[in-house]
Amino acid sequence: MGDSHSGSSDEVPRNPIAPQGMGSVGEEAASNVVGGGSGTGPLGSAATPAASTPAATTSGLSGSKRSRRTSWVWNHFTIVNNFKDEQGIDIGQRAVCHYCDTHYKCLSNNGVGPHGRHLQKYHADKIGNASDSNFVYSKEKMRHGLALYVAAAEQPFTFGDDIRFEHFVQNCLNPSFAKVSRNSTRSDTKKAHTEVKKDLISELATVGAIGFTSDMWSGINNRGYICVTAHYIDSSWTLQKKIIAFRLVEFPHDAEQIFESIMSVFRDFEVLDKVYSITFDNHSANTATLPLFTRNLTTPYFGQLLHLRCVCHVINLVVQDGLTHIAPQISKIRNAVLFIATSPSRQQEFDKLCTSLYNLKPKNMNSDVQNRWNSTYIMLKSCRKYSDAISGYVNQRYRPCRGSPLTQADWEIGFEFMKFLKVFYAATVGCSGVRYPTSCIVLHHLFNISVNFRRHREHPNFAHACIDMEGKFRKYYEEMPPIFMLAAVMDPRMKLQGVNLLLRTIGTNLGITTLPSSANVYDLLTSMYAKYDSKFRSNAACTAAPLPSSRSTNDEFWDFVSSNLGSSTVTSRIELDKYLDLESVDENDRRDFDVLAWWKINEVKYPILSIMARDLLTPPVSTVASESAFSAGKRVLDERRSRLAPDILDCLICLKDWEDARLGIQKRSAKDEFRGYFADSDIDSD
């Protein structure tokens, strides 16, 4: 093994002159132990194994006690009695490495430090991680982990009861494993949910403001469920998203029932005093709950920003109005795609046509889902390179719209409108993020949409569409929600000057005269900050470092100054103005800027303003986080499990989300649900 072996007093190196036909000492000793009988030891001497298995071998002659060898190293060493060295001298009992001829003393009072160091230095590839070698099997821990896996991986409760799974684990992972019954896994899941829920309640008790999203869903069993999702920024300035409830809602699904369901969740998780905002979609029942929340919630966060309307739902309403104006062209394209996609023989003929005549690779055609505009947008993108092939194939065999062929003009209008919709699609994807603040980027996307309207309103094909779409857009945003402006100010790239510029440009592009002026935004900002200052200034002063004293503390003057001005905290007006006047973020850093990381670094500099920034950056502007749980709900509550108890469904959906968060596999942004559907299409290129 090299020079490193020669310096150890109780370590003997490999015999450099082994007799012909002799294997290594470790190999032969190991075979003797495994075989359970005596045999010819090294150099022709007899070697008697000390026990049938390494873990059960007894200690050396260190008194009358005989102890079990429990260290992990005995999985890689064999005890050989009457061991003879290369000179044939019997040196007693030795521990021989399985992988080389190195041997060590094995008396119980010697320890196994040299053994372990030898394995880690020379045979690390065979022993793996030392922590793995120290692993101790626990049935209780196994069942807890199995319950978490079943929930997170959306597996049935019978997963651990499969004899094939038991055989796999026993033979490849751990022979101590025994299969777990369906009912045991079910009860383990409820127990795991209770345990993790307690930890989450403790975590929520330590955070400040919490923004909530909520939405309703109807399952395959025709019963209504409500999903409530909590969004908060933790002590390390990381935005967290946790589904805290997926519960059955009894009929009727009116405002009172929705209100009571959400309030029961707030009480259950002890967050009644932390509700900062609730984001709903545009359903009238959700809107009707707001007066009930306003009367019954006493929040320390002033309640000024309680209700947020889902930005993505507003964008959907706007785009749907526009799509009606090109419905004939979209219908012809949709019918052509459906004509190919709904027949295997036609799909095969189309693939051959693409290859032979148009030099295109074969492509599975997929139609959009009507009333889901984002799928229509992606369908159009997927057809860009194949428009001639689609028209050539379909027009010979089928006429998509009342006998009229699919023309180049139809494609041109469809593709032009697709480009027009690109900014709406980008806004939907951006505002549906769950792992980064979205309240501070809404003005950015509204600005882009306003510019898009200005550029296309004179287009002959889009003039009427733009009129309807702009009208719907103004309906929702001519009175700009305050949180969009305040949160944008908390983005160091924007601040007050940038927000005023955006509001002024949006108003000009859309002809809106009711947007707040620069003075209005500043007054709103200073008013809110004053409330934070009055509430948190004493706490900030306690944690701030005192000014250094210029002389001994027995001077009454300096004691008076220190007690009144000794904190590095500045007054509310000074701290806010200091932030607003600070040099802007470098232009090269604006695109990939991390707002939360900036506030984490500057939290000490702005002790009060950072609290306000944390609260304003917390609320999500989309209910997509809650809606994404419905996809999991469809997979869990399928036809085979349609009678799943509501409390079990709640456990499974919540545990899955909590495990995804723990493992860091929650997506930063909500992936469009139709991107997988169009996976083989070239939809990412411009």
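Colleague: Which charged end sits over the ring of W237?

Modeller: A charge sits over a ring if NZ of Lys or CZ of Arg is within 6 Å of the ring centre and within 35 degrees of the ring normal. Here the charged end of R614 lies over the W237 ring, 4.1 Å from its centre. K363 does likewise over Y386, at 5.5 Å. This is a predicted model, where local features need pLDDT of at least 70 and side-chain atom pairs count only at pLDDT 80 or more, while totals for chains, interfaces and linings use all residues. Residues are numbered from 1 along each chain as its sequence is written, and side-chain values use heavy atoms, without hydrogens and water.

Colleague: How many aromatic pairs does the structure hold?

Modeller: A pair of aromatic rings is described by the distance of the centres and the angle of the planes. Rings of Phe, Tyr and Trp (its six-membered ring) pair if their centres lie within 6.5 Å; planes under 30 degrees apart are stacked, over 60 edge-to-face, the rest tilted. The structure holds 33 such pairs. Y579 and Y606 are edge-to-face, with 5.8 Å between centres and 85° between planes.

Colleague: Why does the pair of Y579 and Y606 tie together parts that are apart in sequence?

Modeller: Helices (H or I, at least four residues) and strands (E, at least two) are DSSP runs, numbered from the N terminus. Y579 lies in helix α23 and Y606 in the loop between α24 and α25, so the pair links parts 27 residues apart in sequence.
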